[in-house]
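Colleague: I'd like to learn how to read a domain interface in a model. Could you walk me through one?

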Number of protein chains: 2
Amino acid sequence: MRYMGLLHQYKSYLPITEKTPLLTLHEGNTPLIRAEKLSEELGLDLYVKYEGLNPTGSFKDRGMVMAVAKAMEEGSSTIMCASTGNTSAAAAAYAARGGLNCIVLIPNNNIALGKLAQAIIYGAKVIAIEGNFDRALEIVREITAKQPITLVNSVNPYRIEGQKTAAFEVCDQLGKAPDYLAIPVGNAGNITAYWKGFKEYQAAGKSSSLPQMIGFEAEGAMAIVKGEPILNPETVATAIRIGNPASWDGAVNAANESGGQINYVTDDEILAAYRKLASQEGIFAEPASAASLAGVIKLKREGHFRQGQSVVCVLTGNGLKDPHNAIQSVKAEPLVVEDSEAAVMDAIRQLEQVGS
Amino acid sequence: MRYMGLLHQYKSYLPITEKTPLLTLHEGNTPLIRAEKLSEELGLDLYVKYEGLNPTGSFKDRGMVMAVAKAMEEGSSTIMCASTGNTSAAAAAYAARGGLNCIVLIPNNNIALGKLAQAIIYGAKVIAIEGNFDRALEIVREITAKQPITLVNSVNPYRIEGQKTAAFEVCDQLGKAPDYLAIPVGNAGNITAYWKGFKEYQAAGKSSSLPQMIGFEAEGAMAIVKGEPILNPETVATAIRIGNPASWDGAVNAANESGGQINYVTDDEILAAYRKLASQEGIFAEPASAASLAGVIKLKREGHFRQGQSVVCVLTGNGLKDPHNAIQSVKAEPLVVEDSEAAVMDAIRQLEQVGS
């Protein structure tokens, strides 16, 4: 049976009418992979939900396919967002697929063109303003309030509707809801969406229990943990470097209602988990993604979890989005030797002694 | 029903014994996406098989999971390959997953560390030799012939066994074999594997017909088209920049037996198809991947295909493997304006007039 995309797969749980186009790039249907070595190490039944295998490389595709399909249904010909990262890639791809124009507004300071490569190749029009990100978002909101242009930043309510399908998939793949759902928290839309999804699936009789939601901010951007916005958030995990989460209340609510918590992890803990995932399980995620695993390791160290409890860590994006971080974080230089069998065998023995 | 990976899914078609570990990173099960606009434009029923959504971002995962599982079955503790690209990423990831060591040999000239980022983060040991790629492969063959180390370059026969599963999936997803299978040709292992897969699936009664196999080399590396090795192959499509394909005979045989052909496309045709895929269909593939679509466009221009015939284009790798190419190929610079609603609206109107 051919998979036909999220809107087709979970139609009855989504705001889909007869007029909604079933737009798709085959988003969703991402692997739930058991982390074999980490399960043993931590005494848990640990899985990762690898959202990096969505079409544009992050979980943003789930919400964007819904938002763009609704924009098409409403007759919009142009979508717009402020973003320098995963959101702009997803918006540009679905606009291309749906035949819409896409305008991406970015701040002109510190433009990393590499991060915009996807939006550009998908054909988005990129405009840089002489102002910061908050100002870019303000202008997007002003323009989309007046013009026939659809706002697709996270304030678009269809984004969370699409994103909640990840919770459905976790239940379908695991055969039940896990005991815990661990997730990175940046703008907090994703934890809000997962919690909505788990509750709806339970209400529909598709799962019999609810997970405890455990969300993890980066220490340098832990607005919710501190209880106040962070003016200059800083963390190596750029995808969650957000000082004033748009879905703050949603995150707090998910943690409270589920008996979970919002906690934080340091950059060192994030990078250690990032390397562990790749070198022990063969899974390459964005640094921000590793905040979920880093959080589970931290809570385990502090005495949480009973032996064998099931935990799903959400890995939000593909490591290929930011490969330079990988290189820098492991600081590996190839060993250079002469081109002979003997010299290479010497090098192999040497590397084995250094150990892994 | 949870997908359990290629070795589980196609067990009866693979060299799997009771002792073969069903190693998996959930490779395979990649989207077959209908190219809606290109179908209309070309008068075909056109699909892309998007192999970039494999765990390490390329089709190499299919062959590597089989090769590494067999290495484990045989009691090997170390695998080795010569590669600067997709093969090393796949080898390193499955070695990590299976708990093996992975040694990657590369030439010391022109090391692009970015391309090795994946192998390094997955924990492979990288050794650079003072010699070229051919010499690196020679040394790998010498060492693996004598030491208890498993060679996982394409001469490892299990690689093609794993890769043939992509043909099974195409048939399962489409409900039949397509009229044509279009595929980039570099080292020629993939076209060989697909053809083997289509024939085996037909023999097993799972499909009633066979596709015509149409393979496309890059003009600067068209050894098979010319009938002689190319000493200094050159093309923007680095993943098929190969002057002396290892599976040369397999490719010629696939084309001949199926009534297809091995043809070539220029770098300009490849980049045009690469941009078209992203900006019209929302699919971001490696430049080399676009050789399949470029070839179909070329053959159509020359009068091939009947109206409505089904064509599947294999897209071998994820565009995120080489985002700088994307930027360079579209030469886009953001338009910089002041931070006011009016200035941004002016910019939007200006971009609309430039057209898309």
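Colleague: How many salt bridges does the rule find across the interface of domain 1 of chain A and domain 2 of chain A?

Modeller: A salt bridge is a side-chain nitrogen of Lys or Arg within 4 Å of a carboxyl oxygen of Asp or Glu. Here the rule finds two across that interface. The side chains of A:R62 and A:E169 form a salt bridge, at 2.9 Å from N to O. Mind that this is a predicted model, where local features need pLDDT of at least 70, side-chain atom pairs count only at pLDDT 80 or more, and totals for chains, interfaces and linings use all residues. Side-chain values use heavy atoms, without hydrogens or water, residues are numbered from 1 along each chain as its sequence is written, and chains are lettered from A and ligands numbered from 1 in the order written.

Colleague: Which residues belong to each domain of chain A?

Modeller: Bounds like these come from an automatic or database domain assignment. For chain A, domain 1 covers 6–58 + 157–329 and domain 2 covers 59–151. The contact (heavy atoms within 4.5 Å) takes 37 residues from domain 1 of chain A and 26 from domain 2 of chain A.

Colleague: And what area is buried between domain 1 of chain A and domain 2 of chain A?

Modeller: The size of an interface is often given as the accessible area lost when the parts come together. With a 1.4 Å probe, summed over both parts, the area buried between these two domains of chain A is about 2500 Å², and carbon and sulfur atoms give 60% of that.
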